[in-house]
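Trainee: Could we go through this model together? I'd like to start with its charged pairs.

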Amino acid sequence: PSAPERVPEKIGPYKIESLLDKGGMSVLYLSTHPETKEPTAIKVLSQKFVSNKEIVKRFLHEAKIISMADHPNIVKLYDQGEWEGGLYIAMEFIEGISLRQFLLRHPLSLKQALEFIIDIGYALCHLHTHGVIHRDLKPENILVAENLVIKVIDFGIAQLLLDEKGDIKGKQSHVIGTPIYMSPEQRDHPDHVSYPSDIYSLGIIGYELVLGKLCHGKIHLSMMPQGLQKIFSKMLQPKADHRYQDIVDVIGDISHYMNSSSFKNESQPLDQLSELATSVKQAEMSLLPTKRPDWSFVDIAFGQHKGVIISGIYYDFFDIGNRDFAAFCVEPTDKGVEAILYTASLRGMLRSLFSQNIVMEQVLESLNTMLCEDSIGQSFQYTFLYTSGSGEHLHYGSSGECPLWYIEAESEQPIPLTSLNSGLGEEKGCSFEIMKHTWRSGDAIVLASYTVAPTNGDIGENFIYDTLYAAMKENMRRTPKVRVENILRKIRISTKKVLQQNSISLISIAKP
């Protein structure tokens, strides 16, 4: 087996947090921006290509061109430079999934599909205006951020077919691309392509978006809505001269179609369900905090992997005063659209309790009573902790087997914390045990919404626990922000269905 990739401590002024990806010609790292402290992606030219003048020239030339781009649908480049390992490019880090992954997981309405196509079109328009041809437009090179914003990435930097030594094969260079999305002229004459080549690639991607599935290179325009067939036929003409010459005309024709009676008539009944599903997910997210608490006495980070199943997960933070704070994470037992209603009801109850300056030891019992008396008749699994920024102990309560892990500064593995209380709303009048644990400087705690302990076998609920535990162990020495991001990233890129279906929230708090 090959040796693990050595992660440098710094690249230029950027502190490297972890390895994101390793390709054939470059390595991608996650870093912290030295000024904004925001996560930043660092792309490094692989060491074996540093002495290849042609590759270096293309790497720097492309980076310079794209650095001039300033568009909401294009990944931003912040910086480029040299370091002891060669060349690097610093760019915007985007938390999201590729358009290919999105297409495989989410149903798209015709309206959403066309909006995605237009957004990609706007990105191409901006690039073409700056004289840049993408040359490798495909679903893998388009990211969908959490707010459904499209981001075009990977602008064909050093896309040459090379031999194992890094030398260019033959007398002419060949653009590396994906044949399914590549225009005929790019396959035949890779050094002589123009803007219509990108339009062809967008036509293939748009076809897949409208039909809601990957085409694997097989195009049947008769399967598309009739009002779009003429547009996509022109985008996908084999000869570049017969194709759209300007992406602006593509955007204009699709926009005109979306405002026509044909669009309304050709929208499918399932489109309404898809749009409703999007609205429901947005409503679910609106119940969650968007900004971290402004607590200087602790370092806190949180995030969520949104699975296919609507979970109704809710987490929140409360400033009790005098450097005391509380964190809550709850999840209704029942899933689906109704879970959002259950969560909204609980959210109001919890915020009402904290507004009354209730004694912390009574929060769980009071909330349980309110839920049992409420008509929703729903129970919740929960994780709850409170402590002081200067105190020596933290107090916690939870249902389920292991929703909390304590990370000691000198320990080699996370310590599970359990209290095994009943769920909230299950039984009126039941008592809730509040546990206590040391809270030392340099230590951290992680709360997870999914509270299932390992069982026999290697799939199912125990797989979720094992994956979380392994990811936490790998990131014990990280900051809370990087720890949460790395754990959630491991979940998102997993091919395991059980991870992709379930929503999982994480909160990490460290005591400086």
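Mentor: In this predicted model, Glu 373 forms a salt bridge with Lys 428, with 2.8 Å between the closest N and O atoms; a salt bridge here is a side-chain nitrogen of Lys or Arg within 4 Å of a carboxyl oxygen of Asp or Glu. Residues are numbered from 1 along each chain as its sequence is written. As the model is predicted, local features need pLDDT of at least 70 and side-chain atom pairs count only at pLDDT 80 or more, while totals for chains, interfaces and linings use all residues, and side-chain values use heavy atoms, with hydrogens and water left out.

Trainee: Are Glu 373 and Lys 428 buried or exposed?

Mentor: Both Glu 373 and Lys 428 are exposed, where buried means under 20% relative accessible area, exposed over 50% and partly exposed in between (1.4 Å probe, protein chains only).

Trainee: And how many salt bridges are there in the whole structure?

Mentor: The search finds 13, including one between Glu 140 and Arg 100, at 2.3 Å from N to O. Glu 140 is partly exposed, at 31% relative accessibility, and Arg 100 is also partly exposed, at 23%.

Trainee: Which residues are linked in a network?

Mentor: Salt bridges link Glu 408, Arg 440 and Asp 443 in a network, and within it the closest N and O atoms of Arg 440 and Asp 443 are 3.6 Å apart. Arg 440 counts as partly exposed at 41% relative accessibility, whereas Asp 443 counts as buried at 2%.

Trainee: Changing topic, what's the average pLDDT of the chain?

Mentor: The protein chain averages 83, and 88% of the residues score at least 70; pLDDT is the predictor's confidence in each residue, from 0 to 100.
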